[in-house]
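Subject: Handing over the structure

Hi there,

Here is the structure I promised to pass on to you. Please open it alongside this email, and then read on for what turned up in it.

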Amino acid sequence: MNVDILEFQEIIWQKGRELFRDMPWRTDTRPYYVMVSEIMLQQTQVDRVMPKFEAFIKRFPTIDNLSKASLGEVLQMWSGLGYNRRAKFLHEAAIKIMSEYDGVFPQTEKELVRLPGVGVNTAGAILAYSFNKPSIFIETNIRTVYFYHFFLNHNEVSDSDLREIVEVTTDVEHPRQWYWAMMDYGSYLKRQGIGQNNKSRHYKKQSPLKGSVREMRGQIVKLLTTADFKEQELRMELLADERFELALVSLQKEGLIAKTGQSFHLKR
């Protein structure tokens, strides 16, 4: 595929200037802030993340603060974002950085992907945004931009196909600002209704929250942020249906909640 690199880069930089969004993890790019934001942004919109991020950082201003908190405290601050396993992973990552790296944030992909909840793409984002390293990573907004410019007439596009184009077109001299521009442009394209992420071979349509076990899991965790409850009390408060038992058991297995005596509570 013929790619006019300079022309494409000029489009991205122009759109980046026009569409730039100010965010707290861009104002302050310390790796702890970026890791928190990236894990919060997994499957959650920026507008929902912004107030939760600011409240979370106010409560846990450093990675040391986060590592010393209980999981229950972390889940309380996470309440409302959903996918509570992300909070557990973030907490475990903070503990690992403090215990294995003496609080010094790792700066290689190999080390970063060893952190709970941090995959290759999240590691790439941390390297680019925090350390201004020319990493290569792909997420939904980046896919949107490349689908629009290079794969309009293609379907079943793999990330390996995309990666080849990303590698040759990324501005390696200014990776932090480049990916900011890419993210803002991709977000803009999606708002125009031309996201086309269904072109991706890896695309999976998110199942509806309403009526799902995931919804019940979230309701249980949210209720337990307020107090401890016996099982029957939980059932009554939540008007429990057939999803309840599966949700309760899975939360216990994943270590998000625990039972002491007759009462359930967030993991302490």
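Let's start with helix α7, where Arg86, Ala87, Lys88, Leu90, His91, Ala93, Ala94, Lys96 and Ile97 are buried. Buried here stands for under 20% relative accessible area, with exposed for over 50% and partly exposed in between (1.4 Å probe, protein chains only). Helices (H or I, at least four residues) and strands (E, at least two) are DSSP runs, numbered from the N terminus.

Before going further, a word on the source: this is a predicted model, in which local features need pLDDT of at least 70 and side-chain atom pairs count only at pLDDT 80 or more, while totals for chains, interfaces and linings use all residues. Residues are numbered from 1 along each chain as its sequence is written, and side-chain values use heavy atoms, with hydrogens and water left out.

Back to α7, which covers residues 85-100 and has 16 residues. From first C-alpha to last, α7 reaches 22 Å, close to the 22 Å expected at 1.5 Å a residue; the expected span is 1.5 Å times one less than the number of residues. Among the elements that cover its buried residues are α3 (31-41), α4 (46-59), α5 (63-68) and α6 (71-78), where contact means heavy atoms within 4.5 Å. Asp102 follows α7 and has a positive phi, near 55°.

After α15 comes Gly255, with a positive phi near 75°.

Those two strands belong to an open sheet of 3 strands, in the order β1-β3-β2 with antiparallel pairing. Two strands pair if DSSP finds at least two bridges between them. The edge strands, each pairing on one side only, are β1 (229-230) and β2 (257-260). Between β1 and β3 (residues 263-266) there are 2 bridges: Phe229 is partnered by Phe264, and Lys230 by Ser263. β2 is joined to β3 by 4 bridges, and Ala258 has His265 as its bridge partner in β3. In the hairpin of β2 and β3, with 2 residues between the strands, Gly261 takes a positive phi near 65°.

Now for a single residue. Ala181 sits in helix α12 (residues 175-191) and is buried, with a relative accessible area of 4%. Leaving aside residues up to four places away in sequence, Ala181 touches Ile12, Trp13 and Gly16.

Finally, have a look at the second largest pocket, which has a volume of about 460 Å³. Of the 20 residues that line this pocket, Gly82, Tyr83, Leu209, Arg214 and Gly218 are the closest to its centre. Helix α13 (residues 213-224) gives the most to the lining, with 7 residues. A pocket is an open set of points on a 1 Å grid over the protein atoms alone, where a 1.4 Å probe fits, with protein on both sides within 12 Å along at least five of seven lines; lining residues have an atom within 4 Å of a point. The volume is the space filled by probe spheres set on the points, which are joined across faces, edges and corners.

Enjoy exploring!
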